[in-house]
Amino acid sequence: MENVLRPLIVLGGAIVITLAAGWLLDLLLRRADARHHETPLWGMLRRCRIPFQLVMCAALLRGTYAHTGLGAVRDHRVGIARMLTLVLIGASAWLVVRIAVAVVDSVYARYAAAHNRDPARVRRVRTQVTLIQRVVIAVVATVAVSAMLLTFPAMQTVGTSMLASAGLLGIVAGVAAQSTLGNLFAGLQIAFGDMVRIGDTVVVDEEWGTIEEITLTFLAVRTWDERRITMPVSYFTGKPFQNWSRGGVQMTGSVFFHLDHSAPIEAMRDKLRDILGECAAWDGRNWSLAVTDTTPTTIEVRAVVTAKDADDIWTARCAVREQMIGWLRDHHPYALPRVATAPAVLPPGDAWPAVSLNGRDEKSMSSWNRTPRTGRG
């Protein structure tokens with residue numbers, strides 16, 4: 001009977017203590033969050049409750065399982081101890097990651113609230129915070145896996161031979177992972193070099209989109225039509241690209257019209273002013289309309305408008321283009337470009353219309369061709 005009750009008491013006691021400690025921790029964090037509204041740290045730390053309980057339960061069982069009587073057999077004792085150690089290491093790594101993420105997110109939230117009038121700076125810090133979190137997770141995971149492997153005696157005995165061949169393995173790994181390491185360092189350069197940030201509007205490979213995600217190895221661009229372009233971060237450190245958000249999100253856009261030489265330029269300026277006055281996407285900073293080029297058949301007219309960001313500049317340009325063309329079509333159709341055409345096949349003989357040649361009306365080209373001509377003239 002004692003062999004049955006003792007394991008149940010030890011296991012039940014560990015579970016009860018774990019649940020009680022988790023409830024007490026959550027209660028303290030809720031009270032701290034209610035008292036300190038200026039920081040979201042205490043509320044974010046509540047997400048650490050489950051890994052904290054798992055760490056506590058594994059530690060209690062690791063320290064008391066010898067008293068349960070289950071480890072009477074040596075093989076069972078070693079296996080149970082190793083399993084509990086592995087669970088403890090994994091839960092501890094999980095807890096450390098949760099705490100680190102909560103602290104970093106809390107600092108970022110306070111920074112974003114204090115600098116909400118400077119979105120460019122907030123996006124830069126958000127990019128750095130995201131990459132810092134990924135680095136911390138990668139480091140903690142690597143350390144945890146290494147600690148788990150060292151719990152096996154076989155890994156300890158082969159440690160000497162592994163160190164002896166570390167030089168050769170390092171060279172091979174460096175050559176094999178050259179591209180990966182390049183992307184890793186490029187990601188760190190992007191994060192702390194302020195080249196591109198999450199939320200920036202960029203043009204890469206003639207595709208316009210917004211930076212949606214930046215990791216240590218790749219970068220995701222969300223295009224205007226909801227597509228995602230995944231690119232290695234080394235692309236942004238080795239090739240030129242357009243960043244429309246760097247230095248401010250305000251933009252200036254151009255709309256070009258190819259019109260006839262008789263186009264009413266002054267009337268078009270007045271119409272452009274009226275169009276922009278009713279366009280919500282125009283930010284009111286600047287506008288202009290001028291003839292920028294001419295050809296033997298047309299002139300090129302450029303309308304310049306401004307907007308607060310890339311989305312609004314696209315809307316404003318489309319509105320100006322659509323309404324200006326409609327106004328010219330309805331009120332000044334002669335201003336639209338015209339193309340002179342001629343019949344591809346000439347009609348025969350007498351079907352030619354009467355034309356004027358040298359001031360005389362001739363009946364037709366054919367009759368003029370059949371008229372005998374004398375003299376040198």
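Buried, in these notes, means under 20% relative accessible area, exposed means over 50%, and partly exposed is in between (1.4 Å probe, protein chains only).

**Ground rules**

I am working from a predicted model, where local features need pLDDT of at least 70, side-chain atom pairs count only at pLDDT 80 or more, and totals for chains, interfaces and linings use all residues. Residues are numbered from 1 along each chain as its sequence is written, and side-chain values use heavy atoms, with hydrogens and water left out.

**Entry 1**

I started with Gln133, which lies in helix H5. Helices (H or I, at least four residues) and strands (E, at least two) are DSSP runs here, numbered from the N terminus. Is Gln133 buried or exposed? Gln133 has a relative accessible area of 17%, so it is buried. I then looked up its contacts, where contact means heavy atoms within 4.5 Å. Not counting residues up to four places away in sequence, Gln133 touches Val101, Val104 and Asp105.

Next I went along to Ala144, also placed in helix H5, which covers residues 119–150. Ala144 counts as buried because its relative accessibility is 11%. Setting aside neighbours within four places in sequence, I found Ala144 in contact with Ile89 and Ala93. Ala144 and Ile89 sit 55 residues apart in sequence, yet their C-alpha atoms are 6.3 Å apart in space.

**Entry 2: the whole protein**

I stepped back and counted 13 helices and ten strands in the protein. The protein has 377 residues, and 32% of them count as buried. I also checked contacts between residues at least 6 apart in sequence: 63% of these join residues at least 24 apart.

**Entry 3: the cores**

I looked for nonpolar cores, meaning sets of buried Ala, Val, Leu, Ile, Met, Phe, Trp, Tyr and Cys residues joined through side-chain atoms within 4.5 Å. In soluble globular proteins, nonpolar side chains tend to be buried together.

Which members of the largest core touch the most others? Out of 27 residues, they are Phe257, Leu259, Met268, Leu289, Val301, Val320 and Met324. Strand E6 (251–259), helix H11 (265–277), strand E8 (299–307) and helix H12 (310–331) are the elements that give two or more residues to this core. H12 provides the largest share, eight residues.

Leaving out residues up to four places away in sequence, Val320 touches Val255, Phe257, Leu272, Ile275, Leu276, Ala303 and Val305. There is also a second, separate core of 15 residues, with Val196, Val204, Ile211 and Tyr235 among them.

**Entry 4: E7 and E8**

I followed E8 to its partner. Strand E7 (residues 287–294) runs antiparallel to E8, and seven bridges join them. I take two strands as paired if DSSP finds at least two bridges between them. A hairpin of four residues links E7 to E8, and Val291 stands opposite Val301 in E8.

**Entry 5: the five-stranded sheet**

What is the order of the strands in the open sheet of five? I read it as E4-E3-E2-E1-E5, with antiparallel pairing. Strands E4 (228–232) and E5 (242–243) are the edges, each pairing on one side only.

I then walked across part of the sheet. Strand E2 (residues 207–214) and strand E3 (residues 218–223) are joined by five bridges, and the hairpin between E2 and E3 has three residues. Across this pair, Ile214 stands opposite Leu219 in E3, and Glu213 faces Ala220 in E3.

E3 pairs with E4 as well, again antiparallel and over five bridges. There, Leu219 stands opposite Met231 in E4. Four residues lie between E3 and E4 in their hairpin, and Glu226 in the turn has a positive phi of about 70°.

**Entry 6: the largest pocket**

On a 1 Å grid over the protein atoms alone, a pocket is an open set of points where a 1.4 Å probe fits, with protein on both sides within 12 Å along at least five of seven lines; lining residues have an atom within 4 Å of a point.

How much space lies in the largest pocket? I noted about 240 Å³. It has 17 lining residues, and Thr201, Trp208, Thr210, Ala310 and Asp311 are the closest to its centre. E2, E3 and H12 each supply at least two residues of the lining, and E2 gives the largest share, three residues. By class, I listed six nonpolar, six polar and five charged residues in the lining.

Technical notes
Grid points are joined across faces, edges and corners, and a volume is the space filled by probe spheres set on the points. Ala, Val, Leu, Ile, Met, Phe, Trp, Tyr, Cys and Pro count as nonpolar, Asp, Glu, Lys and Arg as charged, and the others, Gly among them, as polar.
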